[in-house]
Amino acid sequence: MELFSLKNKTALITGGTHGLGMAMAEGLAKAGAKLVITGTTPQKMEDALAHYHSKGYDAKGYLFNVTNETDAAKYVAQITEETGGIHILVNNAGIIKRELALTMPVVDFRKVVDVDLVGPFIMSQLVVKQMIERGSGKIINICSMMSELGRNSVSAYAAAKGGLKMLTQNLATEWAKYNIQVNGIGPGYFATSQTEPIRVDGNPFNEFIISRTPAGRWGNPEDLEGTAVFLASKASDFVNGQVVYVDGGILATIGKPSNED
């Protein structure tokens, strides 16, 4: 189990105040990592830290926007000084704006790309410098099935997540020589508070996801924990530039005809 131990490691998880970011952070904490989470909403941060501390996890929080280079640099320096160094970076912070490409305002397109693609670049560039000095490090970019597939009304999100997949491969190419592994996780459809209203019997999208997923269910947030720990630990030291899709098999199949069980 030493291969998967994160004892004495500090993990920085952007957007770790809720949802899948929180689930992955918990997985890292269970493996022994000290947590540093970022967010932009004070109340969410307060609630998240209370949750982590109630579980006995060592967790600190910092409020800043990952797209602001000046703030990001200031807080990365502060986090490094206060924790002794960042060993694991999880670029999880992201947004989505659902709008048809025909009518989507350019300002909204740019905002999604800024948060979902430029933000991970900024954070990776800042954190990797200390990883290079140390001679080791793990960067995990949270991609999406939209890194591979298109879908109606998410052109900006798909463009950003597709770009994040290629950024992952390019950063791995540049930084592997420093013993730094850069990989991605591509979540499928998960049971979160955001999807709760549509995860009911009779909802067409709920039925679509269940029928489209070979596993026959929505993912549970804890389904991401193992993948996060693997990519953050020594167990993945020769895995680089990959995106691991945790999707219940959606991307593996074209789906079933309506006349098949």
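Buried means under 20% relative accessible area, exposed means over 50%, and partly exposed lies in between, with a 1.4 Å probe and protein chains only. Gly 19 has 38% relative accessibility and therefore counts as partly exposed. This is a predicted model: local features need pLDDT of at least 70, side-chain atom pairs count only at pLDDT 80 or more, and totals for chains, interfaces and linings use all residues. Residues are numbered from 1 along each chain as its sequence is written, and side-chain values use heavy atoms, with hydrogens and water left out.

Gly 19 sits in helix α1. Helices (H or I, at least four residues) and strands (E, at least two) are DSSP runs, numbered from the N terminus. The C-alpha atom of Gly 19 is 9.3 Å from that of Ala 191, although 172 residues separate the two along the chain.

Two helix pairs are set out below. Axes are lines fitted to C-alpha atoms, for helices over the stretch in contact, and angles run from 0 to 180 degrees between N-to-C directions.

| Pair | Residues | Axes come within | Crossing angle |
|---|---|---|---|
| α1 and α2 | 19-30 and 42-54 | 12 Å | roughly 25 degrees |
| α3 and α4 | 69-83 and 106-134 | 10 Å | roughly 30 degrees |

Angles under 35 degrees count as roughly parallel, over 145 as roughly antiparallel, 65 to 115 as roughly perpendicular and the rest as oblique. α1 and α2 are therefore roughly parallel to each other. On the α1 side, Gly 21, Met 22, Ala 25 and Glu 26 make the contact, and on the α2 side Ala 48, His 51 and Tyr 52 do. Contact means heavy atoms within 4.5 Å. By class, these residues are four nonpolar, two polar and one charged. Here Ala, Val, Leu, Ile, Met, Phe, Trp, Tyr, Cys and Pro count as nonpolar, Asp, Glu, Lys and Arg as charged, and the others, Gly among them, as polar.

**The α3 and α4 contact**

α3 also passes α4 in a right-handed crossing. From α3 come Glu 69, Ala 72, Ala 73, Val 76 and Thr 80; they meet Ile 122, Met 123, Leu 126, Val 127 and Gln 130 of α4. Seven residues of this contact are nonpolar, two are polar and one is charged.

**Nonpolar cores**

A nonpolar core is a set of buried Ala, Val, Leu, Ile, Met, Phe, Trp, Tyr and Cys residues joined through side-chain atoms within 4.5 Å. The largest has 31 residues, and Ile 13, Leu 28, Leu 35, Tyr 52 and Ile 185 have the most contacts inside it. At least two residues each come from β1 (10-13), α1, β2 (34-39), α2, β4 (88-91), β5 (137-142) and α7 (225-232). α1 gives the most, with six residues. Apart from this core lies another, of 28 residues, including Leu 12, Ala 72, Ala 93 and Met 123.

Leu 28 touches residues beyond four places away in sequence, including Leu 6, Val 90 and Ala 228.

**Helix α7**

Six of the eight residues of α7 are buried, so the helix is largely enclosed by the rest of the structure. They are Glu 225, Thr 227, Ala 228, Val 229, Leu 231 and Ala 232. These buried residues pack against α1, β4, β5, β6 (180-187) and β7 (243-246).

**Positive phi in loops**

Ser 153 has a positive phi, near 75 degrees, and is not a glycine. Ser 153 belongs to the loop between β5 and α5 (155-175). Asn 179, also not a glycine, has a positive phi of about 65 degrees. Asn 179 lies in the loop between α5 and β6 and is partly exposed, at 36% relative accessible area.

Notes:
A crossing is left-handed if the near helix is turned anticlockwise from the far one by less than a right angle, and right-handed if clockwise.
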